[in-house]
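Student: Could we go through this model together and ask what stands behind each term?

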Amino acid sequence: FADWLGWFETEQLKRIFRFVRSRHIDEQTLHYKLTPLPCSELDYDALAGCRSYSELLAALEKSRYADAVRQPLQKLEAGETDSVLELETTLDHFTEVSVFNDLSTLDKAEGKYLTPLFGSRIDLLNLYILHRCLLYYDLPPDEIQAALIPAHYKVTPADLSFMASSPPETYRKYLSERFPYYSAVFAETREQSERELRLEMRIRRFNNASAAKIFRKGVPGFHTTVCYFTLKLHEIEDLIRITESVDSGLSPQLAAEHLIKPVADGGDFVWQ
């Protein structure tokens, strides 16, 4: 759960990094945008008061993020780069790897249930990064490899290396033959409008279905709790989208296409 909290701490830290980078909002507004998290070790008052990258590093020195962000923050402070992309990517990687690696601390039974849930999440995140790098940025293989999360489940480093070095058709063929269950997530959105948004929804739906399946397995235990909260987080995302859809006047049919939890169309829209 402490690792899981890192997902939310990471988003808070990104807001602070962007604030220091742009300085387009005042400190009072930044405080309003930050929500101190229960059990968080971060000193939000100190972070919100930072005006330089060196001050950010000092404020994070006693946190578990210090070693991960030290080099990117030092490069920003020295003017070697003007973008916070490397900093944010490093932070994302650290958080995802922490969650995935600490599955090994669970007992065998709980690890058996939860490794597929977080393992498929890592696989799909890496495949999505690979997809975007190949489709939009035409990056060389070594730069693609650097962008990937250094953790692996079923999609191995050798698989990712081969696909990163392949032309699009070869990459798609390899993905469909080696990992048909992942390939289906990408293939169904390839010819659709808003394909990136739809692809992100497909990935979330895959994770939601995985959590629902594991939730029903075995006797109640820690895995039940983790899957329950995973499902609740997805429901919260859907409630936000529904609220935004109503506010913007989006039709129920179009709004339903952008929800994680699937909706059955039987004339009226009903939750499955």
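Tutor: We will take the helix pairs and then the pockets. This is a predicted model, in which local features need pLDDT of at least 70 and side-chain atom pairs count only at pLDDT 80 or more, while totals for chains, interfaces and linings use all residues. Residues are numbered from 1 along each chain as its sequence is written, and side-chain values use heavy atoms, with hydrogens and water left out.

Student: Why are H4 and H5 called roughly antiparallel to each other?

Tutor: Helix H4 (residues 53-60) and helix H5 (residues 66-77) pack at an angle of about 165 degrees, and their axes lie 9 Å apart. Helices here are DSSP runs of H or I with at least four residues, numbered from the N terminus. Axes are lines fitted to C-alpha atoms, for helices over the stretch in contact, and angles run from 0 to 180 degrees between N-to-C directions. Angles under 35 degrees count as roughly parallel, over 145 as roughly antiparallel, 65 to 115 as roughly perpendicular and the rest as oblique. H4 and H5 are therefore roughly antiparallel.

Student: Which residues make H4 meet H5?

Tutor: Contact means heavy atoms within 4.5 Å. On the H4 side there are Tyr53, Ser54, Leu56, Leu57 and Leu60, and these meet Ala66, Val69, Arg70, Leu73, Gln74, Leu76 and Glu77 in H5. By class, this contact has 8 nonpolar, 2 polar and 2 charged residues. Ala, Val, Leu, Ile, Met, Phe, Trp, Tyr, Cys and Pro count as nonpolar, Asp, Glu, Lys and Arg as charged, and the others, Gly among them, as polar.

Student: What is the handedness of the crossing of H4 and H5?

Tutor: The crossing of H4 and H5 is left-handed. That term applies if the near helix is turned anticlockwise from the far one by less than a right angle, and right-handed applies if clockwise.

Student: What makes H7 and H10 roughly antiparallel to each other?

Tutor: H7 and helix H10 (residues 168-178) pack at about 160 degrees, with axes 12 Å apart. H7 and H10 are therefore roughly antiparallel. Their crossing is left-handed. Leu127, Leu130, His131, Leu134 and Leu135 of H7 make the contact with Tyr171, Arg172 and Leu175 of H10. The residues of this contact divide into 6 nonpolar, 1 polar and 1 charged.

Student: At what angle do the axes of H12 and H13 cross?

Tutor: They cross at roughly 145 degrees and come within 9 Å. The crossing of H12 and H13 is left-handed.

Student: On to the pockets, then. What volume does the largest pocket have?

Tutor: The largest pocket has a volume of about 1,800 Å³. On a 1 Å grid over the protein atoms alone, a pocket is an open set of points with protein on both sides within 12 Å along at least five of seven lines, whereas a cavity is a set where a 1.4 Å probe fits but cannot get out; lining residues have an atom within 4 Å of a point. Its lining has 43 residues, with Glu11, Lys14, Asp92, Arg121 and Leu125 nearest the centre. H7 gives the largest share of that lining, 10 residues.

Student: Which element gives the most to the lining of the second largest pocket?

Tutor: That is H12, with 7 residues. The second largest pocket has a volume of about 370 Å³. Among its 18 lining residues, Pro116, Ser120, Phe206, Ser210 and Lys213 lie nearest the centre.

Definitions and conventions
Grid points are joined across faces, edges and corners, and a volume is the space filled by probe spheres set on the points. Helices (H or I, at least four residues) and strands (E, at least two) are DSSP runs, numbered from the N terminus.
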